[in-house]
Amino acid sequence: NEKHFSQATFTTFGDAGPGFPFIDPEDPESDRHIDAMLEGVFEPWESASPAVREFLLELKCTVPAEMDVKLYFEDFKNLFKSIPENTASSVSGLHYGHYRVLSKLEDDSLIRVLFDIVNIAFITHSPLPRWQHATQLMLEKGKGPAV
């Protein structure tokens, strides 16, 4: 497995790109640049292409207020009841079937622990390190009629 976001290393804002110094998480000054991007007033570096400049203008936040991201326990449980059982949930290898069983138990304590972990991560804006990993495979499909 590799970090999902490392595939962008050599893109404009990847850690080897010309835009990275403006969004570098290690640089406290980055917050000012990111806020300027979201406000639509960021002035890019001199060599930025017209496409990059247009992209930056499109980053302007158009949401008038913050979204309500409150999670509800019953919604969380119902989510697992609606997803096909053989669907893999993550690189952990656990399938949703494991979570489906937890969501159907009379005793909610185990699914409540999982809910609390997810809820705390959302509230604190702190995703778990394992959420930053993904395996992506491109499967070549043969020619044939569309299904």
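Here is a short chat about a few helices in this predicted model.

Local features need pLDDT of at least 70 and side-chain atom pairs count only at pLDDT 80 or more, while totals for chains, interfaces and linings use all residues. Residues are numbered from 1 along each chain as its sequence is written, and side-chain values use heavy atoms, with hydrogens and water left out.

Me: Why is His33 called buried?
Reply: Its relative accessibility is 15%, and buried means under 20% relative accessible area (1.4 Å probe, protein chains only), so His33 counts as buried. His33 sits in helix H2 (residues 30–39); helices are DSSP runs of H or I with at least four residues, numbered from the N terminus.

Me: What is His33 in contact with, leaving aside its neighbours within four places in sequence?
Reply: Phe22 and Phe42, where contact means heavy atoms within 4.5 Å.

Me: What makes H4 roughly perpendicular to H6?
Reply: Helix H4 (residues 73–82) and helix H6 (residues 109–124) pack at an angle of about 110°, with their axes 10 Å apart. Axes are lines fitted to C-alpha atoms over the stretch in contact, and angles run from 0 to 180 degrees between N-to-C directions. Roughly perpendicular covers 65 to 115 degrees, so H4 and H6 get that name.

Me: Which residues make the contact of H4 with H6?
Reply: H4 gives Phe73, Phe76, Lys77 and Phe80, and H6 gives Ile111, Arg112, Leu114, Phe115 and Val118.

Me: Which residues of helix H5 are buried?
Reply: In H5 (residues 96–104) they are Tyr96, Gly97, Tyr99, Arg100, Leu102 and Ser103; their cover includes H4 and H6.

Terms used:
Helices (H or I, at least four residues) and strands (E, at least two) are DSSP runs, numbered from the N terminus. Buried means under 20% relative accessible area, exposed over 50%, partly exposed in between (1.4 Å probe, protein chains only). Angles under 35 degrees count as roughly parallel, over 145 as roughly antiparallel, 65 to 115 as roughly perpendicular and the rest as oblique.
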